[in-house]
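I opened this entry to look up the overall build of the chain and then its pockets.

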Amino acid sequence: MVVPRPRAPLLIRPVREPATVPPPLDGPWAPADVRLDRVELLPLPEGAHGPEDVLIDPDGRVISGDEDGRLWWWPADAPPGARPTLLAETGGRPLGVELDPVDGGLVVCDAYRGLLRVTPDGVVRELTGGAPVHLADNATLARDGTIYFTDSSDRFPLSHWRRDLLEHRPNGRVLAYDRRTGRTEVVADGLYFPNGVALTPDESALMLVETATHRLLRVDLPDGRATVLTDLPAYPDNVAAVGDGTYWIALPSPRLPIMERLLPHPRVRQLVALLPGAVQPQPRRYGLVALVDGTGRVLRTLHGPSGAYPMITGVRQHGGHLWLGSLTATGVARVDLA
């Protein structure tokens, strides 16, 4: 069963903001390593696309979703071109996928159904109760089973994410689901399209990115106090902890100067939001991921200037490889880190 897609508000409610200028891709962001233009592709079935996130489970299965609500898996050692096996169907739109340490199942952020659990044999059930969830995006799990996840926008569904970025209001928040009580509570709100999230090793804080303001934040737990760590030169998406206090960030596109020049002009942004999506400002076709430490310091960046694997929204390190997901590509990608 396919879950009905919610309708988006016709008009955005932008406010006047100071114009900003995207920083160049230089220094630690310089495109010295362009291996993302030479990835190995594991394709989805013909006609499917949009493996937004990627996860490797303890059985060595690479798991991702697609735009039509299905979850697929490949063996991690599969050769390029290998086709996947169907795991489950959510009926919505799977985004972030995380391992449930309780039983080896999955926790899935579904853009239209909220927070889901998927058992190892593919049974799907909804988790979230209490605070309504509008756009579940990315999650991270604590050792006690608490699930922290982003609710990116209370105004716009995933199908109209560009409108939220044009509106440029703090429509998002971070939520926590307690599996013991079945309740969902607000950890932090007033966020600008919060997206990727990962716990620090001691679980005292969350590493969080805002797509709309291209910022990396630290959110202290349990009080939810947010501190900006750095301003990024690209729009960030999912975040994945390596386990040693470092984090990979997927960056679907370098920042767009036109979007930042429009910030002082709310009426123009309102008109742009009414245009067909094809003529609105488009993400650049450029592959980019970054490894940062707990202070936001950039340790490594990988680039794909030709956009051979476009709009990277998911990233996960497993052994000597980096696995990539994309909102628009036709499969997941694998690249050697050595």
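I took helices (H or I, at least four residues) and strands (E, at least two) as DSSP runs, numbered from the N terminus. The model is predicted, and local features need pLDDT of at least 70, side-chain atom pairs count only at pLDDT 80 or more, while totals for chains, interfaces and linings use all residues. Residues are numbered from 1 along each chain as its sequence is written, and side-chain values use heavy atoms, with hydrogens and water left out.

I find three helices and 26 strands in the chain. The radius of gyration, taken over C-alpha atoms, is 18 Å, close to the 20 Å of the globule rule (2.2 Å times the number of residues to the power 0.38), so the chain is as compact as a globular protein of 338 residues.

Next I looked up pockets, using a 1 Å grid over the protein atoms alone: a pocket is an open set of points where a 1.4 Å probe fits, with protein on both sides within 12 Å along at least five of seven lines, and lining residues have an atom within 4 Å of a point. Volume is the space filled by probe spheres set on the points, which are joined across faces, edges and corners.

The largest pocket holds about 710 Å³. Its lining has 30 residues, with Glu98, Thr140, Ala241, Val242 and Arg316 closest to the centre. Strands that each supply at least two lining residues include strand 6 (94-99), strand 10 (136-141) and strand 24 (312-318).

The second largest pocket holds about 360 Å³. Among its 19 lining residues, Leu158, Ser159, His160, Trp161 and Arg162 lie nearest the centre, and helix 1 gives the most, with three residues.
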